[in-house]
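Work through the exercises below with the sequence and the structure at hand, trying each task before reading its solution.

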Amino acid sequence: MVASRAIGSLSRFTASRTLRCSGYICRSFTRSSALLTRTHINYGVRGDVAVIRINSPNSKVNTLSQELHSEFMEVMNEVWSSSQIRSAVLISTKPGCFIAGADLNMLNSCTTSQEVTQISQEAQKMFEKLEKSTKPVVAAINGSCLGGGLEVGIPAAFDMMLTGRGIRADRAKKMGLVDQLVEPLGPGVKPPEERTIEYLEEVAITFAKGLADKKITPKRDKGLVETFYLTELTSYALSIPFVRQQIYKKVEEKVRKQTKGLYPAPLKIIDVVKTGIEQGSNAGYLSESQTFGELAMTKESKALMGLYRGQTQCKKNKFGAPQKEVKQLAVLGAGLMGAGIAQVSVDKGLQTILKDTTLPALGRGQQQVFKGLNDKVKKKTLTSFERDAMFSNLIGQLDYRGFEKADMVIEAVFEDLNLKHRVLKEAEAVIPDHCVFASNTSALPIGEIATVSKRPEKVIGMHYFSPVDKMQLLEIITTEKTSKDTTASAVDVGLRQGKVIIVVKDGPGFYTTRCLTPMMSEVIRILQEGVGPKKLDSLTTSFGFPVGAATLVDEVGVDVAKHVAENLGKEFGERFAGGSLEMLQQMISKGFLGRKSGKGFYIYQEGVKNKNLNSDMDSILASLKMPSQPDVSSDEDIQYRLVTRFVNEAILCLQEGVLATPTEGDIGAVFGLGFPPCLGGPFHFVDLYGAQKIVDRLRKYEAAYGKQFTPCQLLVDHANNPNKKFYQ
Amino acid sequence: MISLLTYTLKNLPNTSKWALRFCMRPLSSSSQLQAAAASQTKSKKTLAKPNIRNIVVVDGVRTPFLLSGTSYKDLMPHDLARAALSGLLHRTSVPKDVVDYIIFGTVIQEVKTSNVAREAALGAGFSDKTPAHTVTMACISSNQAMTTAVGLIASGQCDVVVAGGVELMSDIPIRHSRKMRKMMLDLNKAKTLAQRLSIISKFRLNFLSPELPAVSEFSTSETMGHSADRLAAAFAISREEQDEYALRSHSLAKKAQDEGLLSDVVPFKVPGRDTVTQDNGIRPSSLDQMAKLKPAFIKPYGTVTAANSSFLTDGASAVLIMAEEKALAMGYKPKAYLRDFMYVSQDPKDQLLLGPTYATPKVLEKAGLTMNDIDVFEFHEAFSGQILANLKAMDSDWFAQNYMGRKAKVGLPPLEKFNNWGGSLSLGHPFGATGCRLVMAAANRLRKEGGQYGLVAACAAGGQGHAMIVEAYPK
């Protein structure tokens, strides 16, 4: 969640997409001879209205590339110079996409900030010319219109209309971003998408004509900011400098609080707007393009763009289509995880059986699913009718009836190997031969679970993250025996559930849990060394983690953390040592299990937002206190002790082949564990900050604490050879 | 479902009558050719089936259909239904005790008379030994009443059934809000003064805001007029085409009224008012006048207006349905057979009003007929745009293949056989009563114009549809 918010704040970059589809054939609707010479834009004239159609070839989306820029300017100049044309309509012929923003590839190919600044200035010129157009221009938008694409839309001379997709288009109209909505059409005598675009164009032409004939007047006649976002009263208030200063201050404070100063873009945007308002639009434009250029070259920008690309990659099924698509899913265990898995399945139209052993447990799970859906009704992203239809995909039961028709079973029972063995055997007695058996576990090796299976090639791990409906990541774990088709099937289901997917090899802790555990071990040591939970939390969040380290232990559950730490500690030995597990043991014996029991490092109360420290922890912390080592205990050292252990383990996973690619490692760390998005994941972090610096840090801590900090071979290789990068 | 049009055709000044003689552009140039060939030979001589009882409509009547808020505005639904029943008794002279069963269709139910069939039957003087029930299926409620009757007779349960429908849009049940209702119910249960006071203390002013009957489709929250506008746009039907079609409906209805063809209408003496003798929504206007109206739903660029939509109507209808042998034994000369029928349903969002398109090919197939066999078409006109969209869909191979899973289109009904005596746009559309009107119009037209088979079709809220074949009773 945090990741997505951060990405959202860099709106211009991240809004664009790099999907490429080579098989796409560009349809042309034009009647203009210019088609032959232009590839992105063609235009025809209907009466006295120029209809400009944008359609980048060989791409699912239109992005603001340099070619599109120049062709667009060419066409607009023709429009402005032609005496026959009195108004213009701007439309994309791609269903569901107007302009998705700047072309990431274009920005990526720039090596200096000057280049980016220049691109930005060219775009500004285009926007400015549009804004000052003497002839009315109507932008007819169907689908995504983001970043720079939105700017093509919003210059004040523009009159816009959208085809509505749910509440978003509605909201755009309320904000005043658009003037008119066109609802998507159903089937007629041609495909709905095609006819909807035609209809949008027809309506837009009527509007353009009306504007040119002065039969329709655009309601907006004030400057950009005022008319779009503010009412008259506030716009009066804004004309007073003092009020403006206060507003800048407030906004800045809020942004600082949200970004912790880790994301430069939002603050810069405020600066640019400030310049524009205080010193006039020319100064604003100049500042904007320069800042844009600078920002494009920052590490944060590179890291976030990398994450964006990684996310796109992890939304594809590289194992191909499964032989049999899963139509009937069964989930064993209606706990937090099981119900969450059921929820993200039924709301995508997947028939799902939710099975538990007792009626109260099942009822709790069903209620969780209903609540999850109903919350969307309250937010108006679903209608109550859609909710009901989705909820009817869920069948709650206490027996194995209907499992003979299941295509996949996902078990989400307690993390106990004997219990997992039992449900696997029970399920295999009733499920058909083709049915995949997936285990949702955070640490139990899938290979061990599969030992009791009659058909280990059908057994796979699907590690969801809590809360399932919010966390985007799904970690899929394959054993040596898991068949490729089983993997394809699991990835396919995960994608349908809307997940970002990494596929890793089986092993203790797989990838995500394995990276987190040494860091958790360090957390305990740091607490033992006398750093309080609050201080530790603030150190970790200010480094960019969405959740503080102590809070994270409470969220995960102290018992779970101890269980995992013990298991992995046995497997990996000294490397996973650090803090004393005695602390967790004492917490468990006092019932401080974290959020679920109401007490952990903090006290949790229903409805209380600011949580207080659990003062009963003081005695435990005091009894286990260790002396700290001053030369590795500065705030920065503490942050890096945590992060380097994490990063080192991640790279070791790649070295050992648990991870197939660095991309999956980054995506897993950011989307599953909250690794700071501004660093782009452990592998981007090493690339951008330099392997040598990280090795230096590890060596320093190694000297103090020993083997736990010994850098792995792959990391050392990267440090020794500065040309070696995880991302070329 | 119900497009609660706040505008009615009253807005349109009633200009010259014959100066604007109906000027519909032929939608298809081939339709005339088809028509010429049609009346010659039929695929089947009759739709009678061995071992199945023939079911006939002896006759049917309706009250005049009036704009809501006019002469019927002080009545209750069962009053209107009773008028239709009395009219039917008078028209057919059927002895009351012969009637085995009574079924009525209605949509917006008056809560006091939720089984309106029973209340109307008792008031009309039927035997209290004759059971009655009420059905609802949106705009095809009385179609459902008739086909239920067909089922009762075909299965041998009954010989004589009265089916009908009623709608009174002049008065609709407006409820207290749920919160208010809850408070009032709680208050009812409270035993002590303290309990009562504590309940009353929870009262808030917003409890008083009333709850209107749903104007929009429950599943999609979209009003029917809005959906019709999108449907017209999807099929690229222009405002002009829609206005032309509406004008055709009004002009034809006017002509039929003037020539006395609407023989199913029975006069109704409204208590305290004058006797109503004819429909009052028929108002042929001019295309210029209609063009001035603003869109009623999708503003400002939509194409559905008050003038090309059906208006809110009060009215009731009833038909006498019998097993053929029973009718003959009683000395009746029936008007028509009720033959194969079909109910369909589809996507309530984007295809809400396409019922006739789906139902027509199915019912023709079931009966073993083709479009050419049909001499008379009576389609329910909810909106001009809806009728024209259905016509285009029926004429589209692409639509048939991609949405109906059929190999080819069913074809376009020839317009000269289509709703020749007006339709819901002009005669009015009391939701629950329109089905019987369609069947009687088909039966009467077959007698008047000559021909054997009539096709009745209608769309309904919820994305449902209905079609039925009516076969003329041999003279």
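**Exercise 1. Find how many salt bridges are counted over all chains, and examine the pair formed by B:Asp264.**

Solution. The structure is a predicted model, and over all chains the count comes to 60 salt bridges. One pair to examine is B:Asp264 with B:Arg62, whose closest N and O atoms are 3.2 Å apart, and which forms a salt bridge.

**Exercise 2. Describe the contact between chain B and chain A.**

Solution. Begin with the residues taking part, which are 18 from chain B and 19 from chain A. Then turn to the area buried between chain B and chain A, which is about 1,700 Å², with carbon and sulfur atoms giving 65% of it. On the side of chain B, the residues that lose the most area to chain A are B:Ala234, B:Tyr301 and B:Trp398, which together make up 36% of what that side buries. Finally, look for salt bridges between chain B and chain A: the count is zero.

**Exercise 3. Determine how helix 30 of chain A packs against helix 31 of chain A.**

Solution. Helix 30 (residues 691-705) and helix 31 (residues 713-720) of chain A pack with their axes 8 Å apart, at an angle of about 125°. That angle makes helix 30 of chain A oblique to helix 31 of chain A. The crossing of these two helices of chain A is left-handed. As for the residues that meet, helix 30 of chain A brings several, including A:Ile694, A:Leu698 and A:Arg699, while helix 31 of chain A brings A:Leu715, A:Val716, A:His718 and A:Ala719. Sorted by class, this contact of helix 30 with helix 31 of chain A has seven nonpolar, two polar and one charged residues.

**Exercise 4. Repeat the analysis for helix 21 and helix 23 of chain A.**

Solution. The axes of helix 21 (residues 512-528) and helix 23 (residues 549-556) of chain A come within 10 Å and cross at roughly 115°. Helix 21 of chain A passes helix 23 of chain A in a left-handed crossing. Here A:Leu516, A:Met520 and A:Val523 of helix 21 meet A:Ala549, A:Leu552 and A:Val553 of helix 23. By class, the contact of helix 21 with helix 23 of chain A has six nonpolar residues, no polar and no charged residues.

Technical notes:
Residues numbered from 1 in each chain as written. Chains lettered and ligands numbered in written order. Predicted model: local features only at pLDDT ≥ 70, side-chain atom pairs only at ≥ 80, totals over all residues. Heavy atoms only, no water. Axes fitted to C-alpha atoms, helices over the stretch in contact; angles between N-to-C directions. Helix = DSSP H or I, 4+ residues; strand = E, 2+ residues; numbered from the N terminus. Parallel < 35°, antiparallel > 145°, perpendicular 65-115°, else oblique. Left-handed = near helix turned anticlockwise from the far one by under 90°. Contact = heavy atoms within 4.5 Å. Nonpolar A, V, L, I, M, F, W, Y, C, P; charged D, E, K, R; others polar. Buried area = accessible area lost by both parts, 1.4 Å probe. Salt bridge = Lys/Arg side-chain N within 4 Å of Asp/Glu carboxyl O.
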